[in-house]
Amino acid sequence: MKQPLPLKIIGVGRYLPQRIVPSSEVEKLCQLPAGWIERNNGVRERRWVDETETNSFMGAEAAKEALADAGLAPTDIDLIINASGSYEQAIPDTAPLIQRHLGLGNSGIPCLTIHATCLSFLVALDMCASLLASGRYRHILLVTAEIASIGLNPSEPESASLLGDAAAAVILTLTPTGEKSGLCTARLETYGDGAYYTQVSG
């Protein structure tokens, strides 16, 4: 992208699971010596979901906070995008489930998921800027909700000791006239020859 795209974040929200997991608990799980995680990764604690906290639930809770921050009602949103590397189920994707948690299940507001693993939010942000610039949408809800704890591999402490669960959401709109907010530049590159280095087969 060579030309900046007008884009403004008018609301921000987050959700943190209730369960706080200290690094000492993960060290026991991964059979690591006491203090290893904080010394090597600087992580003292992280959050893990319980049985009631799903991707869509966390995403919706973050979205509610973002809507309140923006001073908007859920019905002011005209596009919902889920941008997560992990997902609740294959079909339908998580975006309609977030819509339903927001009480918009019969609203017809379009929902979709952009899945680009760890880069999902950044890829979606780039796409949202283009969608807003086209004039097709006024307010886009962009949500990312990750549950990494369910797939941690204790035999790989380098990754298992880093990852936690959480959700974040932003409300995006076109930059008002006279303001300078925007997506200044973006560069995305993909190298499919290395796809098998991080695959999760299924």
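User: Is F57 buried, partly exposed or exposed in this predicted model?

Analyst: The model is predicted, with local features needing pLDDT of at least 70, side-chain atom pairs counting only at pLDDT 80 or more, and totals for chains, interfaces and linings using all residues. Residues are numbered from 1 along each chain as its sequence is written, and side-chain values use heavy atoms, without hydrogens and water. Buried means under 20% relative accessible area, exposed over 50%, partly exposed in between (1.4 Å probe, protein chains only). F57 has 24%, so F57 is partly exposed.

User: Which geometry does the pair of Y15 and F57 have?

Analyst: Rings of Phe, Tyr and Trp (its six-membered ring) pair if their centres lie within 6.5 Å; planes under 30 degrees apart are stacked, over 60 edge-to-face, the rest tilted. Here the centres are 5.5 Å apart and the planes stand at 80 degrees, so the pair is edge-to-face.

User: How many residues separate Y15 and F57?

Analyst: Y15 sits in strand β2 (residues 8-15), F57 in helix α3. Helices (H or I, at least four residues) and strands (E, at least two) are DSSP runs, numbered from the N terminus. The pair links distant parts of the chain, with a separation of 42 residues.

User: Which strands are the edges of the open sheet?

Analyst: The sheet has 5 strands, ordered β2-β8-β7-β5-β6, with mixed pairing. Two strands pair if DSSP finds at least two bridges between them. Two strands pair on one side only: β2 and β6.
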